[in-house]
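These are my notebook entries from a reading of one structure. I set down what I looked up, entry by entry.

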Amino acid sequence: MIAFDEEKRIFYLENKEMTYAFGINAAGLPEHLYFGKKVAHDLFFGNYFRQGRNHPAAYPENTENAVDPSMVPQEFHTLFSGDYSEPTLMLDFSDGSRRLDFRYQGYEILPEKPELPDFPSLRSDGKSETLAVVFSDRDVILKLFYTVYEDVNGITRFLKIENGSREPIRLERAYSFAFSLPAGEHRDIGIPDDYEAVSLSGGSGAEANISRTPLSRGIFSVQSNRGASGAGANPFLAILRKETTENSGTAYGINLVYSGSFTLKAEKTVSSLLRIQGGINDLGFSWKLRKGESFTTPETVMVYSGEGLSGMSRAFHDLYRNHLIPKKSVASPRPIVINNWEATRFLFTREKLQRIIEAAAGTGIDSFILDDGWFGKRDNKESGLGDWFVNEKKLGSSLKEFISYVHSKGMKFGLWFEPEMVSRDSDLYRAHPEWAIADPNHKPLEVRSQLMLDLSNEDVISYLTEQLDRILRENEIDIVKWDRNRDLTEFYSAGLSPERQGEFEVRQTMGFYRLAGNLTKRHPEVFFEGCASGGSRFDPGMLYYFPQIWTSDQTDAYERTFIQYGTSLCYPLSAQSCHVTESPNRRAKHFVPLKSRFDIASLGAFGFELDLSVLPEDQKAAIPLMIKTYREEEALVQKGDLYRLSDPFSGNYFSMELVSKEKDAARITVMKGQEFFNRSECRIFPKGLSEDAVYFCGELGKGLSGRTWMNFGFIPVFPQGDFLTQVYHFRKTEKKSEIE
Ligand code: DGJ
């Protein structure tokens, strides 16, 4: 709900547990006041930095309450305004002036959140109000939008800049949000070290490593310049108080609903405020706005947790499951696939595919995904991308016939695409070389031997929409896996005038969203999975279109514990696509038993990716039970609350717990990394249970109160060996025989 204190000019965005507040100060600037546990409507200005009040006011009016703008925590910051910290907005007027002075004009409360014209965004689902606050300077209108969610401790924000003047203006930076956190109580003459940043970084095959960095004077930033959110840095930043832990203390989570190059910054300012802001990466960015035109930024999600990092994760998971991921898929049973990629790579034959499909049929695996290599001339990465026509010779029949063969085995059919790309050796490139992104003065870089298509070109979008739509219309395709295997290197479009080249990268991302939107809208019956060389584009922008994303090409179950643990900081387990693959794994060479591979893969959207036809009989025989178990517990993965119990980054054990929303069931998965002799054991303390209810754990043969389980804990017992898992199920019971 949104309340406005007319007298003090303070906006309160609040739900049952949380308040986000800012006010319009005497100078007409939006002063950030508070973000945290719910408080009464009694906040006041000037609480973030008292000393600043003694400095001469830098505002032209020199109003009573005005202070040096660098000291004021604002909801946006501008350059050349006496505010010497990082700006949120930068723009050039046609007369060369870059001075900005946006002042408050008014506000509106909208019952529904407006859709963003060019970017995906969270739904408000008729339950959440949106506040639009208007500022203006020299006929340029700046609108700040805020939506507060009733069911989750989070808000979303974006900005809109409208050029109401006769002359064109040029945006040089347009971040999506800014807010500040006050200096903590550790302040002394040194630099206060009261906050720490948590971020996710890595690379393809090693996504989502967690780092925790103390924030000192200066700027800490997380960013991508790749034209995609990227595995190098996820568009996520958490700010924690120094004393915050996994399960206790204050944590703020920030995540951009954007899949292109981004920046998130946390800056310790001169006044020791911590200013946090970010959005589209402005390296090379500019955007021209003619009279009457506007630019709306991507959306940012901001969550508050008083229960440490894990509370932050649960808030993100609920927000995304309730308001972002396509409704029809979020909680319905996901396909359990067998994918041929790791078994065959490009070099499959009809015979090989059939062997895999026959081995899967009847086990409960319900879908077959035909990965890369089915189209054009594609026996390796050197050719074929863009030619989305089936290679009948290689497949041994038409696509239609092959699909009906798969269907006849009782399985759904899925097909791999990489729509945003083209190979130089392809009919599409020969027909339309101008559609590939290239700087006119340099030979374009080929990465994985491929070029990228210019999605800022409407003709390319229409062509791709029609081509993919044709295949989806003409064939009974149930699932699409949408891959992207390289990043942008040439930031140039032949279709844009020289003065608009700075718009290219953002237009490329907008083009991808349009294409994904066209196809997902036209084919609501198809289930889409995102992918980008594994998890190189794992972000909320993708989740708006695709309910799940291939988490990593690293599929070794032990290595996956790190990747899935890191990814869970921000993204729900049901969004993470996880497969049982062969052991020793192609990349990590660990010998991991099938049970462990299953237990780790079933912490996500589960499937298989190996040659089932050569699996030893006893392992093949175990598959039906695995699938039955997965289906029985799928609701926990899709709807449950996540608690991370042991952190593989800092010890030998990985452990995650899922607790049903009703708190009547919980499941704890533990993996022991390496076998050690006589080292300390792992003790597991379940979380999130009802204190007074009794839970029976079959594996431990005990029924104890939630309070006892959570405080007394238990020691998981493993046989000898590396990479072993144990799974413990807890269910509420009132049966006398199960109560100790
Ligand atoms: C990268 C993906 O992550 C893999 O799963 C596979 O689809 C290959 N691309 C195919 O080229």
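Predicted model: local features only at pLDDT ≥ 70, side-chain atom pairs only at ≥ 80, totals over all residues.

**Entry 1**

A nitrogen atom of the ligand and an N or O atom in the side chain of Asn485 are 3.4 Å apart. I then looked up Lys481, where a polar side-chain atom is placed 2.8 Å from an oxygen atom of the ligand. I next asked how much of the ligand's accessible area the protein covers. On its own the ligand has 300 Å² of accessible area, and the protein covers 98% of that.

I also listed the surroundings. There are 13 residues around the ligand, and those that come nearest are Asp371, Asp372, Lys481, Asp483 and Asp553. By type, I recorded six charged, three polar and four nonpolar residues in this shell.

**Entry 2: The whole chain**

I turned to the protein chain and its elements. I noted 36 strands and 14 helices in the chain. Along the principal axes, I found that the C-alpha atoms fill a box of roughly 80 × 75 × 45 Å. I recorded 62% of the 740 residues as buried.

**Entry 3: Helix α1**

I looked up helix α1, which runs over residues 308-323 and so has 16 residues by the record of. From first C-alpha to last, α1 reaches 23 Å, close to the 22 Å expected at 1.5 Å a residue. I asked how many residues of α1 are buried. The count is 15 of 16, and α1 is thus mostly covered.

**Entry 4: Backbone details**

I searched the backbone for particular angles. Which peptide bond did I note as cis? The bond from Ser583 to Pro584 is cis, and its omega is near -5°. I placed Pro584 in the loop that lies between β29 (576-580) and α12 (594-601).

I then noted two arginines. Arg138 is not a glycine, yet its phi is positive, at about 45°. I found Arg138 in the loop between β7 (130-137) and β8 (140-148). Its relative accessibility is 40%, and Arg138 therefore counts as partly exposed. Arg448 is likewise not a glycine and has a positive phi, of about 50°. The loop that holds Arg448 lies between α7 (427-431) and β25 (451-452). I recorded Arg448 as partly exposed because its relative accessible area is 24%, between the limits of 20% and 50%.

Ile338 belongs to strand β21 (residues 337-339). Is Ile338 buried or exposed? Ile338 is buried, because its relative accessible area is 0%. From Ile338 to Arg470 I noted 132 residues in sequence and 25 Å in space, C-alpha to C-alpha.

Glu172 is part of strand β10 (residues 169-181). With a relative accessible area of 24%, Glu172 is partly exposed. I also looked up Glu172 against Leu13: they are 159 residues apart along the chain, and their C-alpha atoms are separated by 30 Å.

Key. Residues numbered from 1 in each chain as written. Heavy atoms only, no water. Near = heavy atom within 4 Å. Polar contact = N/O pair within 3.5 Å; in protein donor to acceptor, adjacent residues only side chain to side chain. Areas by Shrake-Rupley, 256 points an atom, 1.4 Å probe, with all protein chains shown as cover. Nonpolar A, V, L, I, M, F, W, Y, C, P; charged D, E, K, R; others polar. Helix = DSSP H or I, 4+ residues; strand = E, 2+ residues; numbered from the N terminus. Expected span 1.5 Å × (residues − 1). Buried < 20%, exposed > 50% of the residue type's maximum accessible area, 1.4 Å probe, protein only.
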